[in-house]
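Let's take a walk through this fold together, one piece at a time.

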Amino acid sequence: MSTYIHRHLEKIVTEGSEAWPAIMVTGMRHSGKTTMLKTLAEKERRGRAYVSLEDLTVREQAVSDPKGFLQKYRPPVIIDEVQHAPALFTCLKIEIDEHQEPGAFWLCGSQLFRLMRNIPESLAGRVLLLNMTPLSRREAVGADCFPFTPDVGALTAQAEAVPPLSASRLFECVWRGGLPGLPADPADRHHFFMSLVGACIERDVRDIAPGTNVLRFLKFMKSAAARTARPVNCRAMAEEAGTNLATARQWLLILETLGIVFLLHPCSGSALRGTVRTPKLYFADTGLACWLLNWPTPEVAANGSMSGALLETHAVTEIIKNCGNAGIHPFLSFFRDRDGREIELLLERDGCLHPFAIRKTTHPDSRITRGFRVIDKSPLRRGTGAVLCMTDRLFSLDPDNLAVPIWLL
């Protein structure tokens, strides 16, 4: 049995349960949602029950008689895979409005709440919505949560809390990904991901879109993995999966709903002329992407043609993980214009726009940051920028830009 790794989201769940009648934790399968909630339930010692709608008998009651279901499973209770019974949410709203008991319901689901079908909007405001991502590296090494900021003082202090990684060890992290419970043995690793993808397709995808062709959807997932950190191209993915454009767009939304991918949208603003409108696609877990692409070792991933895209995916997801785990919802975007000029990541915070380049280099220099000038016409003030790369140390490239090791994120 693997050792439980404490999650940074635990603090928000515990504190939120003192003020909110319901907490909803969503995220991709095997990200650790259920394990975390069960662990917290043992600590709180309230006798919290657990019920999963993966059990078809239980699900049938929740679907056909949601009121009776809630009478049978009284709070405090964990209701897992709650997305399988949309009718349950209306009864939950009534129950919450009548009793307002803090921490009464802990809800869990492998579909992102904002993208779930048939969920009454009136439930919003009554439930604390949280998204659980795969493990961040800071969680994996037992470090405190630290939302990334391009501040040299804060980053210098954090460098003492996180063990540095060599380039090869960094790509081991990228290749492994962040799903808790992933076996170290390559054969077991293969079965782990095969089981994960099988459950996603057989249980989740077919629940959302009955009649989906399993083999074509798997080809679509592989096509999406090959395009992580690249602009969305549904037409090309449709051709590779052997389906039509409308279906490819539906399948991309399903992958987003299941938390397997997310889209990063380009920055907007009339002052930034020529900006492309196509979002970029990212896999939420680089380990799953590597498995879908049949890369058997970290060395293959590090030396392959997609190594830069994988490294960018890792950097962007680490920033998102650590901000989300701290209860912060960062406004992230990217810049690309029709002339091919690009800034991989933009962070808007406190009226400033911070530009970040992401490079597979151990020796960055200030020439990389020249591309940041394109945002000088933005209505927002230009903040400190950074080159996120494979350097072994934090240092200043110039007065306005830092070189930040990706292992420090």
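How are H8 and H15 oriented to each other: roughly parallel or roughly perpendicular? Keep in mind that this is a predicted model. Helix H8 (residues 167-176) and helix H15 (residues 307-325) pack at an angle of about 75 degrees, and the axes of the two helices are 10 Å apart. Angles from 65 to 115 degrees count as roughly perpendicular, so H8 and H15 are roughly perpendicular to each other. Zoom in on where they touch: H8 brings Leu170, Phe171 and Val174, and these meet Ser307, Leu310, Leu311 and His314 of H15. Sorted by class, the contact of H8 with H15 has five nonpolar residues, two polar ones and no charged ones.

Setting aside neighbours within four places in sequence, Leu388 is in contact with Phe148, Ile319, Phe356, Ala357, Ile358, Arg359, Val404, Ile406 and Leu409.

At 1.5 Å a residue, the 13 residues of H12 should span 18 Å, and the end C-alpha atoms are 18 Å apart, which agrees. Several residues of H12 are buried, among them Trp251, Leu252, Ile254 and Leu255; Glu256 is buried too. What do the buried residues of H12 pack against? Their partners are H9, helix H10 (214-225), helix H11 (234-241), strand S7 (261-264) and strand S8 (280-283).

Finally, a few backbone details are worth a look. The peptide bond from Pro75 to Pro76 is cis, with omega near 5 degrees, and Pro76 is found in the loop between helix H4 (66-72) and strand S3 (77-80). Gln100, in the loop between helix H5 (88-99) and strand S4 (105-109), has a positive phi, near 50 degrees, though it isn't a glycine. Ala229 also has a positive phi without being glycine, near 70 degrees, and Ala229 lies in the loop between H10 and strand S6 (230-231).

Which of these is buried, and which is partly exposed? Gln100 has a relative accessible area of 45%, so Gln100 is partly exposed. Ala229, at 9% relative accessibility, counts as buried, because buried means under 20%.

Technical notes:
Residues are numbered from 1 along each chain as its sequence is written. This is a predicted model: local features need pLDDT of at least 70, side-chain atom pairs count only at pLDDT 80 or more; totals for chains, interfaces and linings use all residues. Side-chain values use heavy atoms; hydrogens and water are left out. Contact means heavy atoms within 4.5 Å. Axes are lines fitted to C-alpha atoms, for helices over the stretch in contact, and angles run from 0 to 180 degrees between N-to-C directions. Helices (H or I, at least four residues) and strands (E, at least two) are DSSP runs, numbered from the N terminus. Angles under 35 degrees count as roughly parallel, over 145 as roughly antiparallel, 65 to 115 as roughly perpendicular and the rest as oblique. Ala, Val, Leu, Ile, Met, Phe, Trp, Tyr, Cys and Pro count as nonpolar, Asp, Glu, Lys and Arg as charged, and the others, Gly among them, as polar. The expected span of a helix is 1.5 Å times one less than its number of residues. Buried means under 20% relative accessible area, exposed over 50%, partly exposed in between (1.4 Å probe, protein chains only).
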